[in-house]
Amino acid sequence: MIYADITGWGRCLPPAVLSNADIETLMDTSNEWIVSRTGIQERRISHVTNAELARVASTRALAAAGISAEQVDMIAFATSTPDECIPNTASILQNALGASNAAAVDINAACTGFVYSFNMMSDMIRAGSIKTALVVGSERLSSLMNWSLRESAILFGDGAGAIVLQASDNEAGFVAGKLGCVPDTRELLAVPDFGLDAIAQFRPLDVSIVFSGQEIFKKAVKGMGDACEAVVAEAGLGLDDLDLIIPHQANARIVEAVVRRIGGDMDKVVLTLDKYANTSTSSIPIALIEALEQGRVKPGMNILFTAFGAGLTWGASLLKWGERVTPLGETDISLPPTDKTGLDLINAAIARRQAYEQTN
């Protein structure tokens with residue numbers, strides 16, 4: 001039997017930090033209000049494109065796997081903030097990496113995109129269609145924020161995470177998964193007027209996130225909870241058999257509610273949202289890599305991913321970790337430096353938006 005083992009991993013977090021104290025200068029809110037409702041203390045703001053974040057994370061993942069970009073058969077680029085829609089952003093990454101033999105596809109399932117991509121690429125490897133896949137979650141969500149909307153602007157940050165999946169005879173990698181989408185809920189979490197429909201109707205492409213927090217909370221807890229229970233049961237395991245739970249880092253309250261719903265143990269949960277906020281598709285790989293760096297991932301562990309996002313999409317993946325928990329190689333690649341703080345970058349974005357509104 002062919003398995004899809006995780007053999008490489010890398011992440012990229014831009015250096016500019018936007019703290020809750022910084023956000024207090026932008027809107028009527030407080031550090032106490034944000035932390036009590038979300039668990040978030042700060043987030044990263046990118047000074048480069050989404051594709052550049054992905055390039056750095058992916059290069060680090062390839063080095064960790066000890067392979068070249070030419071060995072990659074498929075790039076699955078999960079993102080809600082593509083630099084370009086046509087051609088896709090995955091092809092930008094393909095060219096930047098020199099992955100000349102790779103097919104390239106963007107996958108938009110909002111925050112669940114990494115789980116969708118991981119499940120699908122694992123299935124392709126297990127079916128023998130490909131041997132090596134680069135699965136990337138990368139976001140520049142700061143580019144979508146309307147900083148007058150407290151309910152959404154405080155929640156998100158920028159970053160990228162990538163893993164390499166390779167065909168293996170070792171019993172490791174994807175074990176079970178379940179994906180879905182709650183019907184008739186698209187309006188609860190959306191970015192209206194962001195796409196060809198808006199352009200075709202000659203509307204200004206001035207975007208911001210529409211966010212219905214209370215309804216999203218209820219559906220997120222149910223969607224992720226049901227998915228987790230389904231994949232654990234499909235694998236013939238019990239909750240006690242789980243060694244780590246790595247959820248989408250949306251909101252501390254949501255994570256805690258999901259874990260309570262499934263009867264899980266918060267001590268097994270990996271949380272990074274206090275430092276990085278909600279980075280959408282990249283939140284699970286970023287958290288996975290942090291757990292690896294902290295020594296929390298051990299050979300043979302049963303690890304559960306789960307996520308929820310706009311659509312409203314949901315999903316879970318159960319995997320068995322392989323033998324290796326340290327990278328085979330490293331790279332000195334990094335983002336170009338910036339002297340801008342997170343607040344500098346956001347104030348510049350606000351000024352651009354105001355200039356647009358004054359001239360349109």
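Q: What is the relative accessible area of Thr272?
A: Thr272 has a relative accessible area of 3% and is therefore buried, where buried means under 20% relative accessible area, exposed means over 50%, and partly exposed covers what lies in between, with a 1.4 Å probe and protein chains only.

Q: What kind of model are we looking at, and how are the residues numbered?
A: This is a predicted model, in which local features need pLDDT of at least 70 and side-chain atom pairs count only at pLDDT 80 or more, while totals for chains, interfaces and linings use all residues. Residues are numbered from 1 along each chain as its sequence is written, and side-chain values use heavy atoms, with hydrogens and water left out.

Q: Back to Thr272, then: where is it in the fold, and what does it touch?
A: Thr272 sits in the loop between helix H9 (252-262) and H10, with helices (H or I, at least four residues) and strands (E, at least two) being DSSP runs numbered from the N terminus. Not counting residues up to four places away in sequence, Thr272 is in contact with Gln249, Ala277, Ala287 and Glu290, where contact means heavy atoms within 4.5 Å.

Q: Which other loop residue lies between H10 and H11?
A: Ser282 is found in the loop between helix H10 (273-276) and helix H11 (283-293), and because its relative accessibility is 0%, Ser282 counts as buried. Once neighbours within four places in sequence are left aside, the contacts of Ser282 are Gly137, Ser138, Glu139, Gly159, Ala160 and Gly161.

Q: Changing topic: what phi does Ala110 have?
A: The phi of Ala110 is near 55°, a positive value although the residue is not glycine. Most residues other than glycine have a negative phi, and most peptide bonds are trans. Ala110 is placed in the loop between strand S5 (103-107) and H5, and it counts as buried because its relative accessibility is 9%.

Q: Which peptide bonds are cis?
A: The bond from Ile86 to Pro87 is cis, with omega near -10°, and Pro87 lies in the loop between strand S4 (74-78) and helix H4 (89-97). A cis peptide bond also joins Gly311 and Leu312, with omega about -5°, and Leu312 is in the loop between strand S12 (302-309) and strand S13 (313-320).

Q: How does the span of H5 compare with expectation?
A: Helix H5 (residues 113-127) has 15 residues, so at 1.5 Å a residue it should span 21 Å, and its end C-alpha atoms are 21 Å apart, which agrees; the expected span is 1.5 Å times one less than the number of residues. The buried residues in H5 include Phe114, Tyr116, Phe118 and Met121, and H5 is followed by Gly128, whose phi is positive, near 90°.

Q: Zooming out, what does the whole chain look like in numbers?
A: The secondary structure comes to twelve helices and 13 strands, and buried residues make up 54% of the 360 residues. A compact globule with 360 residues would have a radius of gyration near 21 Å, so the 19 Å of the protein chain agrees; this radius is taken over C-alpha atoms, and the globule rule is 2.2 Å times the number of residues to the power 0.38. Among contacts between residues at least 6 apart in sequence, 79% join residues at least 24 apart.
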